[in-house]
Amino acid sequence: MSETTKKKKVLVEVKNLKKHFPIKSGLLQRTTGWVKAVDDISFHIYEGESLGLVGESGCGKTTAGRTILRLIEPTSGSVLFDGTDVATLPKNELKELRQEMQIIFQDPYSSLDPRMPIGESIAEGLRIHTNKTAEERYELVVQMLTRVGMRADHARRYPHEFSGGQRQRIGIARALAVNPKFIVCDEPVSALDVSIQASVLNLLEELQDEFGLTYLFIAHNLSVVEHFSDRVGVMYLGKMAEMATRGDLFQNPLHPYTQALMSAIPIPDPKQRKKRIILEGDVPSPINPPSGCRFHTRCPLAFARCKTEEPEFKDYGDDHYAACHLLDEGKSSKLPDLV
């Protein structure tokens, strides 16, 4: 760990977090199996940083974000928020802590109540968590709307009257209204037009500087993550594959899966040919994941140890974490490039 890292305060620490969903069948709805959506992951988020979390669809990144906030109850493990274990907190104390932790949902259409004016949606958190009067709540709603680029009269309108980009700004205003420290951004721009994405990302960066926010930024677009995040974690089939600073991860990915993801980033130059790493096979089912390394069924560099022993997610220097047996044994983890 570098000297710079030592000076940073850890705001969120995730330890051995698991979330398994039961599979029920039959007349008596007995549990016949488990979907291992998040299966023993550990990482930390420094105060004031943006940690990007990426991976293929179904890898568990959204489940991880919601479990950290305890919107979904964890199966096991702990989530320390500013030293307090969120996973075991009684419900009355958890309600008080929710003011410090908020979420911006992926879908700006379904995350707002269509029968409620947006001003009331934004003020709902204030009504639950504060003792402010109706007039004070309205003043703060107008202040938040103005800050995210909306107008004061928008508070009396309904969600169907706004575009997708405007609705996402409303979602951001709702999350900010209770003055949180930590916000989970669950793919906040994936449902928006490309022309709108940049303005929403720039707004999130401005608000982070202004309010001292800490973000967990969940996304599948690596170009967006590279632009927005300070550090980046890569998930595969419910496990953490790699985590490092943005510069280290994009310039020197250690895990073969991360290398394959990086090769898929398009280059904005039609004259330059992009070398791709093509992975064979499909992603295994989280109901019955492979033994050993989860990635060994698709990794062309896999050897005997990968099939039987699960790799340890550990630091390989300068806060660059990875889980790969090739690194342990001093072998090259570089996948061959394919055109």
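Which are the buried residues of α10? In this predicted model, they are Pro256, Tyr257, Thr258, Gln259, Ala260, Leu261, Met262 and Ser263. Helix α10 covers residues 256–263, and because eight of its eight residues are buried, the helix is largely enclosed by the rest of the structure. The cover over these buried residues includes both helices and strands, as the following table sets out.

| Element covering α10 | Residues |
|---|---|
| α8 | 222–228 |
| β9 | 231–236 |
| β10 | 239–245 |
| α9 | 246–251 |
| α12 | 325–328 |

Turning to the protein chain as a whole, there are twelve helices and twelve strands, and the C-alpha trace spans about 65 × 60 × 50 Å along its principal axes. The radius of gyration of the protein chain is 21 Å, which agrees with the value near 20 Å that a compact globule of 339 residues would have. Buried residues make up 50% of the 339 residues, where buried means under 20% relative accessible area.

Contacts in the protein chain can also be described by their separation in sequence: among those between residues at least 6 apart, 64% join residues at least 24 apart.

As for the surface, the protein chain exposes about 16600 Å², of which carbon and sulfur atoms supply 48%. The charged side chains comprise 43 positive and 45 negative ones, and the centres of these two sets lie 4 Å apart.

Terms used:
Residues numbered from 1 in each chain as written. Predicted model: local features only at pLDDT ≥ 70, side-chain atom pairs only at ≥ 80, totals over all residues. Heavy atoms only, no water. Helix = DSSP H or I, 4+ residues; strand = E, 2+ residues; numbered from the N terminus. Rg over C-alpha atoms; globule rule 2.2 N^0.38 Å. Buried < 20%, exposed > 50% of the residue type's maximum accessible area, 1.4 Å probe, protein only. Contact = heavy atoms within 4.5 Å. Areas by Shrake-Rupley, 256 points an atom, 1.4 Å probe, with all protein chains shown as cover. Lys, Arg positive; Asp, Glu negative; His and termini not counted. Charge placed at Lys NZ, Arg CZ, Asp CG, Glu CD.
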